[in-house]
Amino acid sequence: MYAFIWRILPGNWVVKLIFALILIAAVVFLLMQYVFPVIAPYMPFNNATVTETGQQ
Amino acid sequence: MSTSHSADQPVGHSSARSAGGSVAAGDQPLPSRRELRRREAEAAAVQGEPTAVYSDVPPVFEQSQPTHAQATQAPPAVPQGHGGQSPQGRLGEDQPQLPPTRQRRRRQPTAKEPLGPIRGTVRTFGELCITAGLVLILFVVWQLWWTDIQANRDNEVLADELTQDWANQDPNELSDDPDEPVVAEPAGKNEAFGIFYIPRFGDDYYRTVAEGVDLEPVLNRMGVGRYPNSAMPGEVGNFSIAGHRVTYGKPLNQIANLRPGDEIIVQTKDGFYTYTFRNFDIILPDAVEVLSPVPDAPDFKGKDRILTMTACNPMFSARERYVAYAELTDWTPATDGAPDNIKDSKAYDKVSKNGGA
């Protein structure tokens, strides 16, 4: 998978490396900005309230 | 390759010959270090492998040490090739092409050759597993570290906005009795209306309090949240709030460090409400009766002004809730300035400087 990505990236290895770092940064940003906030409420340590059902 | 083969022969022969003459050479004064090493290796090889006597081929690979020592003169690939081919040492003499085939074989895996379907699938699966692990690590980093940074930043911005709003509003009318606190006006859902100062949590501790206990946006971004339908600060009844104990700025991280007598100051537009911590309890998540005006006794109306704070317990778990109860002991109108115990604190400095409240 990673070998395939590396192969389809254009340029010599320096350009490939820059593209790869940009890709990694984009994935990290998307995860932290959009994915993690969605799954965080399902984690067991974020409940701070008392409710009738005992759930958040 | 024929040159390297011929170059190899004298090396083996010379070392074999010198093995025989090593005893006589021992008497000569000051042999060179290389010579000494060679003799040592040769002696060891002879002792370890007696069959070496019968052939001049085995010494070639048995004495890979001395040939290595002499490799400074010979091309290094040749003695290595012979040393590596030790199981076929005798064959190696007749087939000088072996070292190149070996080299070719070694180079093969690095050559860009598409993987077969099975190896390709296995490799992709492995890469996906590693990626999943990295994503999980990233999630932990995000949850434990990044949410704190975000929430602390949001908290500062929100407190600034709040104090600026207060500066532009008229405070509520004070009652005739100076001991009778002004009851804060109810705020809209997800709206901040006050600032908590808890000196026990640190000199620079302040957190905004907003209306509602939803994770988003209140608890995750706006500090602590007030349970809807509970009392407002200064009101008779139970002013109940909830806050994260870990992650998202962890406003109630040190809730278990509160000691009886510790003061919790809530600043609103009207002034400062000083609540004094009395006791704590650890309850199950569905024990909503702790929010009633008389905690644990929901049938009674109560006449005290109580503050109840809930957070998760133990940390990183949703099994129980930690509850801290405090009681209103003092009230200072905004015009009189902050009470003494927070007047000089870093937290109040910061809030008052930015907002000018």
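Two strands pair if DSSP finds at least two bridges between them. In this predicted model, Val266(B) stands opposite Tyr273(B) in β6(B). Ile265(B) has Thr274(B) as its bridge partner in β6(B). Strand β5 (residues 263-267) of chain B and strand β6 (residues 271-283) of chain B are antiparallel, with five bridges between them. Three residues form the hairpin that links β5(B) to β6(B).

Strand β6(B) also pairs with strand β8 (residues 320-333) of chain B. This pair is antiparallel and is joined by 12 bridges. Within it, Phe277(B) has Ala326(B) in β8(B) as its bridge partner. Strands of a sheet pair through backbone hydrogen bonds, either parallel or antiparallel.

These pairings belong to a barrel of eight strands in chain B. The strand order is β1-β2-β3-β4-β7-β8-β6-β5, and the pairing is mixed. From one strand to the next, the twist averages 30°. Helix α9(B) lies across β1 (192-197) and β2 (206-211) of chain B. Its direction is at about 70° to β2(B).

Helix α9 (residues 117-167) of chain B also packs against helix α2 (residues 13-39) of chain A. The angle is about 65°, and the axes are 11 Å apart. The crossing of α2(A) with α9(B) is right-handed. From α2(A), the residues involved are Val28(A), Leu31(A), Met32(A) and Phe36(A). They meet Val135(B), Leu138(B), Phe139(B), Trp142(B) and Trp146(B) in α9(B). By class, this helix contact has nine nonpolar residues, with no polar and no charged ones.

The UniProt annotation "transmembrane region", from an unreviewed entry, covers residues 12-36 of chain A. Over residues 12-36 of chain A, the chain is 96% helix and 0% strand. The end C-alpha atoms of this stretch are 34 Å apart.

The contact between the chains takes 21 residues from chain A and 32 residues from chain B. On the side of chain A that touches chain B, α2(A) gives the most, with four residues. By class, that side has 13 nonpolar, seven polar and one charged residues.

For "active site", UniProt lists His244(B) and Cys312(B), in an unreviewed entry. His244(B) is placed in the loop between β4 (237-242) and β5 of chain B. Because 26 C-beta neighbours lie inside 10 Å, His244(B) counts as buried. Leaving aside neighbours within four places in sequence, His244(B) has contacts in both chains, including Asn46(A), Ala48(A), Leu219(B) and Lys250(B).

Cys312(B) lies in strand β7 (residues 305-313) of chain B. Cys312(B) is likewise buried, because 27 C-beta neighbours lie inside 10 Å. Not counting residues up to four places away in sequence, Cys312(B) touches Phe45(A), Asn47(A) and Ala48(A), and in chain B residues including Arg245(B) and Arg321(B).

Pro217(B) lies in helix α10 (residues 215-221) of chain B. Pro217(B) is partly exposed, because 13 other C-beta atoms lie within 10 Å; a residue counts as buried at 20 or more and as exposed at 12 or fewer. Beyond neighbours within four places in sequence, Pro217(B) is in contact with Asn190(B) and Met222(B). Asn190(B) is 27 residues from Pro217(B) in sequence, with 7.0 Å between their C-alpha atoms.

Note on methods:
Residues are numbered from 1 along each chain as its sequence is written. Chains are lettered from A and ligands numbered from 1 in the order in which they are written. This is a predicted model: local features need pLDDT of at least 70, side-chain atom pairs count only at pLDDT 80 or more; totals for chains, interfaces and linings use all residues. Helices (H or I, at least four residues) and strands (E, at least two) are DSSP runs, numbered from the N terminus. Two residues are in contact if their C-beta atoms, placed from the backbone, lie within 7 Å. UniProt positions are given in the numbering used here, feature names are shortened, and annotations may be inferred rather than shown by experiment. Axes are lines fitted to C-alpha atoms, for helices over the stretch in contact, and angles run from 0 to 180 degrees between N-to-C directions. A crossing is left-handed if the near helix is turned anticlockwise from the far one by less than a right angle, and right-handed if clockwise. Ala, Val, Leu, Ile, Met, Phe, Trp, Tyr, Cys and Pro count as nonpolar, Asp, Glu, Lys and Arg as charged, and the others, Gly among them, as polar.
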